[in-house]
Amino acid sequence: MLSLDVIESIELLYQTGWTDGLPVVPPARERVKQFIEALGLPADEVIAEVPPLDGRATVERIAVNAVMAGCLPEYMPVVIAAIRAMMEERFNLRGVQCSTGIHTPLLIVNGPIVKQLNINSGYNCFGQGWRANATIGRAVKLVLVNLGGAIPGETNKSTFGHPGSYTYCIAEDEEANPWESLHIEAGFAPEDSTVTVFAAEAPHNVMYHGGNSRDFLTVLADSMCTLGNVQMYVMGDTFVVLGPEHARMLAQAGWRKRDIKLFLFEHARKPVGLLRRGGPPQGDARRGHFWPRFVDPQDDAQRVPVVRRPENIHVIVAGGAGGPHSAYLPGWGSAKITRRI
């Protein structure tokens with residue numbers, strides 16, 4: 001049973017506003033020290049100045065948030081690498097933190113560290129049940145709020161948010177992936193461990209129980225280009241998470257990852273005339289500002305792709321092996337960043 005002192009400490013952390021709405025582990029000094037020692041960096045080393053308030057994220061302060069999130073000390077390298085990755089200009093963390101959009105940073109882990117830390121890439125990978133997934137993702141989110149100052153309703157203007165704002169971390173199932181994994185595709189070696197950060201909406205389930213690979217990709221493409229999808233107006237990177245069953249079907253039919261991206265680029269499109277109903281965020285005068293140059297924004301018959309280039313569609317494999325489901329993760333207009341752990 002918890003002592004009264006521990007319960008009072010938890011309540012104090014609520015009062016100071018250092019939680020995400022759920023109870024946190026009180027960051028005892030000795031426990032924080034263990035996390036710092038596990039990382040092997042000086043406690044006062046500044047990893048990042050986290051927007052929007054540019055809070056100084058030192059190793060010690062990140063360790064405090066990792067303890068509060070329920071992490072183990074060995075999770076610290078993943079947390080640190082994710083924070084460093086989000087600081088790259090192409091990720092636009094300030095915009096991600098302050099936008100009215102529904103997106104939030106997702107972490108995708110690759111390499112040997114996945115098995116070392118038991119990060120879930122299979123059944124219910126976006127859901128509950130795995131300490132590593134839950135607490136690594138939560139630690140990063142606590143850093144963004146407690147050190148970056150992204151307070152909901154104040155600096156964080158997200159109209160809705162989504163449950164990934166508590167924690168959003170998965171691994172890619174490289175054993176079920178018939179193609180090269182995300183980190184190898186990004187230029188890293190198979191023995192490298194990496195974390196990819198991507199500002200994503202909640203997963204959109206794509207169900208297909210048939211056996212025709214082209215039909216499945218057609219269903220997937222249609223799911224990617226809905227009129228309300230922000231991708232159709234501001235573009236940027238986007239992610240497809242193939243369930244192992246769908247990935248196996250595509251591979252057996254001879255589809256390469258490059259082929260999949262090209263098919264989706266050509267078929268996940270909507271006519272300008274239909275998109276006009278959604279209205280670009282910049283107003284009608286700047287219609288097509290983010291669209292590829294080959295699209296004439298004044299031609300209602302022109303078909304607008306979901307991204308500017310096929311390379312902006314990123315394909316990974318994850319999820320339970322026994323279900324004909326995949327997922328689509330719309331982005332927000334920023335780029336995915338992959339960094340070595």
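Buried means under 20% relative accessible area, exposed over 50%, and partly exposed in between (1.4 Å probe, protein chains only). The model is predicted: local features need pLDDT of at least 70, side-chain atom pairs count only at pLDDT 80 or more, and totals for chains, interfaces and linings use all residues. Residues are numbered from 1 along each chain as its sequence is written, and side-chain values use heavy atoms, without hydrogens and water.

Q: Is Tyr 168 buried or exposed?
A: The relative accessibility of Tyr 168 is 3%. That value makes Tyr 168 buried.

Q: In what order do the four strands of the open sheet stand?
A: Strands are DSSP runs of E, at least two residues, and helices runs of H or I, at least four, numbered from the N terminus. Two strands pair if DSSP finds at least two bridges between them. Pairing in this open sheet is mixed, and its four strands follow the order β4-β3-β5-β12.

Q: Which strands stand at the edges?
A: An edge strand here has a single partner, so one of its sides is left without a neighbour in the sheet. That applies to β4 (169–171) and β12 (337–340).

Q: How many bridges join β3 to β5?
A: Residues 104–110 form β3 and residues 194–200 form β5. Asn 110 faces Thr 194 in β5. The two strands run antiparallel, and the bridges between them number seven.

Q: Which strands does helix α7 touch?
A: Contact means heavy atoms within 4.5 Å. Axes are lines fitted to C-alpha atoms, for helices over the stretch in contact, with angles from 0 to 180 degrees between N-to-C directions. Helix α4 (residues 76–86) lies across β3, β5 and β12, at about 50 degrees to β5. Helix α7 (residues 131–146) makes about 140 degrees with β3 and packs on the sheet against β3 and β4.

Q: How many aromatic pairs are counted?
A: Rings of Phe, Tyr and Trp (its six-membered ring) pair if their centres lie within 6.5 Å; planes under 30 degrees apart are stacked, over 60 edge-to-face, the rest tilted. By this rule the number of aromatic pairs is four.

Q: Why is the pair of Phe 126 and Tyr 168 called tilted?
A: The two ring centres are 6.1 Å apart. The pair is tilted because its planes meet at 50 degrees.

Q: How far apart in sequence are Phe 198 and Phe 239?
A: Their ring centres lie 4.7 Å apart with planes at 45 degrees, so this pair is tilted. Phe 198 and Phe 239 are both buried. Phe 198 is in β5 and Phe 239 in β7 (residues 238–242), so the pair ties together parts separated in sequence by 41 residues.
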